[in-house]
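Here's a quick briefing to read alongside the model. Have the viewer open and follow along.

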Amino acid sequence: MCQFGHKVRRQTVFVKLKPPGPTPLRIFGRTCQRVTTCGPACGSTGVVPAAAGAVRRLASSLQSTSTGSLPDYGTQIVDPYRLLEDDLNGIYEDIRSELERNTNQAELNTIATYYFDGQGKALRPMVAILMARAVNYHVYGENSALLPSQRQVAMISEMIHSASLIHDDVIDQSDFRRGKPSVNVLWNHKKVAMAGDFILAVASMMIARLRSDEVTLVLSQVVTDLVQGEFMQLGSKETENERFAHYLTKTYRKTASLIANSVKAVALLSGADEATSELAFQYGRNLGLSFQLVDDLLDFVSSAQAMGKPTAADLRLGLATAPVLFACEKYPELNPMIMRRFQEAGDVEKAFELVHKSRGLEQTRFLARKHGLEAARLAAELADSPYQKGLVVTTDLVLNRIKTYRARFVAQRARTVEKHPSFQCVRTLPELSERSLLIQRVRGTDRLPKFESVQSLLERSERALVKQRVRALE
Amino acid sequence: MGGGIMDIYHIRNGRSLMVTGWHTSFPPSSCLGPDSGELNWRAVVSEAEQMVGYPTSFLNLRWLFNDEIAVAATQLRKLVGTNHPLLKSAKNILVGSKSNLQSVGLVVLLVSKAAGFGPDQLVEQHSSGVLNAQRALAEIVEMKRTGHIIHKAMANLRDRRASGGQYEDLLCGNKIVLLSGDYLLAKCLKHLGDLRNNEVTELISTGLRDLVEGDFFGEIDADGNPLPSKPKASNTIERNYDWENENNLGKLGSNDFLGQGKDEWKLRTMLTSGSLLAKGCQAAMMLSKQGMEMEREAYRLGGHLAMIWQLYLDVKDFFTHPHSYSLVGAPVIIAIWEYPTVYGHIFEAKLEKRGVDFKQLFYAVRSTRALEYLRLLLHEELMAVVRCTERFPVEDARLALNKMAASIHSEAVQFLDS
């Protein structure tokens, strides 16, 4: 029993072999929610036990989670999700309870908590907590714990992210997100907009409660950036050079800003000096940019393999992402298509083809890798610790998503999708044509499993529905 | 009487009202200042604006000349010819009127001035008796309210089928609405951060939360309009809604108050307008470090002002739109509480799945004594405002606040008298 009277769980983590890859963060139910993980000789000295030491032992006993595509880290192979399991475990629950605490109205609560069911990848909170622990280790050495305020920042970043997803779903009219119907399909636009505002209001309250002026400024900048990024998407620029700069700025604002500013905030809360905070910011920025570039790449790549025909969600939304912009060099006929946002018939297919024929995809991959390496280089400047290793591993996870944990995660998600009650909606929305089913908004969310076609998905859902009806009759 | 946005309302002299009204204790002229003879709303407001150095139009052109707003404006062209709610609300948002946002910032500034500030504050930047931080706060509160109102102008779109041919246009309108509202709310957050006062940030954020909750409060009909709840029996009431003393950082009230007549109306008013205004006033006190007592008083003052404002709006709505007034306005709610059979009109409509017969309900409400009760309520709120302002030292701002409340009161009573 640890000093707080809770059962020490770490033994089970050593021994138990879980399925590889990150899992929905709720396996062990209620855990010791306290900031400090239980020390080896609990009840003995100090508030902060040698958690890092224990974790190092844990890390070395972990099996590699990669399929060999990750570089070798020596004996210390770190899966950041498992490393931070304790910290991440209650994140979604805590967010939900915070939202519930702030309203009396059941419908508002339902809509607001719709995306906080623990089915997301939790990348942003994970990176925030990872950086928090790494910077704490850097500044205070081994005996450093995760501050409650840093954990709050992780929650806040996930909340801001979800609020922006909710609003973006309305704008992009997406149908599916994270394996279930997106929120604008189930409720009307007005309620959805209000729910997004609600989440933002609660997140602002949480930011203010941290009682740090700098952190408030840093995190409120995120919201401004997100909105400005969306606006940038509405407008478009004339010349090629402007376009790429416009694209990069937009990408920074929409994706990287949240990650960069939340890791900067945790660094500030840890009491790090300005150089370290800036380092954290740049790490987050590079990580975010590489993340989005890979996403844009996947939009062209995975669709071709998975569906057997071009889908290209971004093109259909009229957005010119990195592969297209790179392809413009070789095929200037893409320029007018970009200007008219691929509205004319045949534009999308033509652009798709041209992008594949050009070197656009390679160049995007190269740029993503460049940002990833830069992030890894920055992370290496922090003091050595499993968390610092975790930061480096994360950059690789982001780059190699399509091969490693994502494929596993997605496959596991596919199994759970079928059981999700709201999946029945697939049958009740006749206007979900094949095309719209395939249009899934890119932003670090999951797509349909690689090897399943739409046909089999619909068949599966029909079978599930029939099974359910039969069960109801019994 | 009634109607146009720029009307000038002439109010009868306070003394002569004593003869016609029930209540004989209309606020003594000492509360209103020496020349309170003609309570002209426009005059009161412009005098107050001059007193605090308020810009005459909220639409300071500086936030219009902005890249983002320009982009949104170009998209607005596509909306012409559709029936998107934004076009109806835009008029309200852009042009000032009594039922409108402009005065929210003005009230915050007046309260700021009325409280004055201590000697240690003189080192801070101030002008016309108001700290610059308080001025920024007033703008933030107005922006938050505007952002929320813009979001409320979203069309109730859900999927392509239900909306028919206008889907694309309505969707486009919704996108603009969403983005513009988000832009304003994001700006608010940034400016709150610039104030470098996290207590204020927390308080104002709870204001936004309450605004959203107000939209989900109580029953809603098929078109998204709120409906009154079934009145409870008097012997089932456990407690009344005491908004003056509750912890305003947590969620306000509870759903228990639905069906409790005046309590339901008060909670709804607090959620939809009172909370932000009152919290704005409270935050102004925080910025000038007036202490907990004054903060509470400012909160109460803001709340009562919002109540009397809402009473006026409800009364005006009821009398000027006898075929489409709000069903959760004060006249209807009070009537339902005092005479539960009136709820039958609404209940029947729900059961038979048709719209409420507004005309019948109108006459039903008028035939009860609910309107007399409203008169009492108006008077009560006015007295409460006057009572609250007594705590504020600076004379001219205090009088201006009293005058505003009194002119609103008079106009509402005029409707009731008609």
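**Around A379(A)**

Setting aside neighbours within four places in sequence, A379(A) is in contact (heavy atoms within 4.5 Å) with Y283(A), Q388(A), L391(A) and V392(A). This is a predicted model, where local features need pLDDT of at least 70 and side-chain atom pairs count only at pLDDT 80 or more, while totals for chains, interfaces and linings use all residues. Residues are numbered from 1 along each chain as its sequence is written, chains are lettered from A in the order in which they are written, and side-chain values use heavy atoms, with hydrogens and water left out.

- A379(A) lies in helix α18 (residues 360-379) of chain A; helices here are DSSP runs of H or I, at least four residues, numbered from the N terminus.
- With 1% relative accessibility, A379(A) counts as buried (under 20% relative accessible area; exposed is over 50%, partly exposed in between; 1.4 Å probe, protein chains only).
- L279(A) sits 100 residues from A379(A) in sequence, yet their C-alpha atoms are 8.0 Å apart.

**Helix α8 of chain A**

- The end C-alpha atoms of α8 (residues 148-172) are 36 Å apart, which agrees with the 36 Å that its 25 residues should span at 1.5 Å a residue (1.5 Å times one less than the number of residues).
- Most of α8(A) is covered, with 23 of its 25 residues buried.

**Where chains A and B meet**

- Chain A puts 47 residues into the contact and chain B 52.
- About 4700 Å² is buried between chain A and chain B, 63% of it from carbon and sulfur atoms (accessible area lost on being put together, 1.4 Å probe, summed over both parts).
- On the chain A side, N104(A), M194(A) and F231(A) lose the most area to chain B, together 15% of what that side buries.
- There are 2 salt bridges between chain A and chain B (a Lys or Arg side-chain nitrogen within 4 Å of an Asp or Glu carboxyl oxygen).
- R209(A) and E202(B) pair up in a salt bridge at 3.8 Å, N to O.

**Salt bridges within a chain**

- Over all chains, the count comes to 34 salt bridges.
- E230(A) and K254(A) meet at 2.8 Å, N to O; E230(A) is in helix α11 and K254(A) in helix α12 (residues 240-269), so the pair ties together parts 24 residues apart in sequence.
- E230(A) is buried at 6% relative accessible area, and K254(A) is buried at 9%.
- In chain B, R209(B) bridges to D210(B) with the closest N and O atoms 3.3 Å apart.

Note on methods: Helix = DSSP H or I, 4+ residues; strand = E, 2+ residues; numbered from the N terminus. Buried area = accessible area lost by both parts, 1.4 Å probe.
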